Amino acid sequence: MKILAIESSCDETAAAVVEDGRRVLSSVIASQVEEHRIYGGVVPEIASRRHAEAIVGVVDEALKQASCTLEDIDAFAVTFAPGLIGALLVGVNFAKGLSIATGKPLIPVHHLRSHIAANYITSEELKPPFLCLVASGGHSHIVAVKDYTEMVVVGQTRDDAAGEAFDKAARTLGMPYPGGIEMDKVAELGNPDAFTLPRPTVAGSAYDFSFSGLKTAVINLIHNSQQKGIELSKEDVSASFRKAVVGCLTDNLFKAAEDLGAKTIVAAGGVSANSLLRKELTRICKEKGYSLYIPDLKLCGDNAAMVGSQAYYEFLSGNVADFDLNATATLPIDYSTKKS
Ligand code: KG4
Ligand code: ZN
């Protein structure tokens with residue numbers, strides 16, 4: 001089954017053709033990051049307008065690269081939630097138009113579920129059940145993936161997402177948006193023990209995260225030094241902050257893994273590109289005997305191949321949209337797909 005998938009939840013317009021959930025025939029991404037960089041973050045209205053301009057060309061290119069025409073496509077898939085509402089609406093309406101025009105099914109895909117599915121492309125043998133850390137710019141979740149479309153949130157952030165904390169700390173250090181990537185590179189050159197930063201926990205909730213206190217602590221450290229005219233090493237601050245964030249993520253993940261008796265650990269989302277997180281997951285899983293799956297670097301960030309992968313399993317479970325499908329800015333990953 002060939003699915004043409006569309007992703008427009010944030011600042012990447014993407015389209016891909018994916019066969020049977022695992023084989024990527026094409027994947028095209030038009031990034032707007034350069035344009036948002038001058039504002040230090042994504043400007044929602046600009047994002048929507050750029051999606052509207054790019055989507056026809058991106059979809060056309062994805063079909064061409066897959067050597068397909070619309071006739072070869074069996075269904076259309078689109079990210080419908082969560083994300084920037086105006087940005088999502090561009091993809092949703094475009095996919096709806098394709099579905100109406102061709103009479104082929106429209107499959108709605110949850111953005112975080114698609115991040116998890118990036119692993120099905122990277123690792124053909126991976127099948128649920130597993131325990132997954134999903135860490136992106138907007139979300140930090142620990143999810144028990146019981147089946148392809150059946151998940152339970154075990155823990156989540158109470159405030160900032162891990163990627164957001166990386167981006168804000170990096171911005172305070174003068175790094176360009178999205179700062180998480182730059183901070184990761186700079187951190188490689190620094191001393192992770194140069195500064196002691198807090199590793200906040202959430203009282204009464206062993207698996208939930210809280211990154212806002214950690215973010216504020218590093219921002220205060222930078223501002224206080226600036227006020228005193230002391231020059232801080234960006235490398236040392238980045239390395240210390242990265243160590244603290246990764247420590248919070250892995251502490252809770254492995255607490256949950258042990259308590260739930262998980263055998264397989266999976267990582268997903270933009271932050272799963274972080275080199276220390278990848279190293280630490282590899283080290284701890286080896287030490288504790290868990291199997292570990294992490295997406296290829298090119299599949300960690302937003303793309304449509306992962307949407308096409310998850311869409312296949314949504315379709316098999318009967319999750320097909322009506323033409324009143326709407327975009328939704330927030331939606332839990334374990335939302336009910338049953339129609340009323
Ligand atoms: O999943 P994603 O591409 O978009 C969302 O769904 O949010 O995640 C983007 C986030 C940004 O906050 C970005 O700074 C972060 O992932 N990120 C990283 C790295 N690469 C991307 N954070 C830390 N280290 C990285 N190497
Ligand atoms: Zn994402």
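Predicted model: local features only at pLDDT ≥ 70, side-chain atom pairs only at ≥ 80, totals over all residues.

Tutor: Residues are numbered from 1 along each chain as its sequence is written, chains are lettered from A and ligands numbered from 1 in the order in which they are written, and side-chain values use heavy atoms, with hydrogens and water left out.

Student: How are H111 and H115 placed in helix α4?

Tutor: They are separated by about one helical turn, because they lie 4 residues apart in helix α4 (residues 111-122); helices here are DSSP runs of H or I with at least four residues, strands are runs of E with at least two, and both are numbered from the N terminus.

Student: And is H111 buried or exposed?

Tutor: H111 counts as buried because its relative accessibility is 7%, and H115 is likewise buried, at 2%. Buried means under 20% relative accessible area, exposed over 50%, and partly exposed in between, with a 1.4 Å probe and protein chains only.

Student: Switching topic, how many disulfides are there?

Tutor: The structure holds 0 disulfides, a disulfide being a pair of cysteine sulfur atoms within 2.5 Å. For C248, the nearest cysteine sulfur is that of C285, 18 Å away, and for C285 it is that of C132, at 12 Å.

Student: Now the strands: what does β6 pair with?

Tutor: Strand β6 (residues 130-135) runs antiparallel to β7 and is joined to it by 6 bridges, where two strands pair if DSSP finds at least two bridges between them. A hairpin of 4 residues links β6 to β7, and L131 has A144 in β7 as its bridge partner. On to β8 (residues 150-156): β7 pairs with it over 6 bridges, also in the antiparallel sense, and A144 stands opposite V152 there.

Student: Why is β7 described as largely enclosed?

Tutor: Because 6 of the 8 residues of strand β7 (residues 140-147) are buried, the rest of the structure largely encloses it.

Student: Which residues have the most contacts inside the largest nonpolar core?

Tutor: Those are L131, F211, F241, L249 and F254, in a core of 45 residues; a nonpolar core is a set of buried Ala, Val, Leu, Ile, Met, Phe, Trp, Tyr and Cys residues joined through side-chain atoms within 4.5 Å. Helix α8 gives the most to this core, with 11 residues.

Student: What does F254 touch?

Tutor: Leaving aside neighbours within four places in sequence, F254 is in contact (heavy atoms within 4.5 Å) with I265, L281, I284, C285 and Y290.

Student: Last one: what is the strand order in the open sheet?

Tutor: The open sheet has 5 strands in the order β3-β2-β1-β4-β5, with mixed pairing. Both β3 (23-31) and β5 (106-110) are at the edges with a single partner strand each, so one side of each is left without a neighbour in the sheet.
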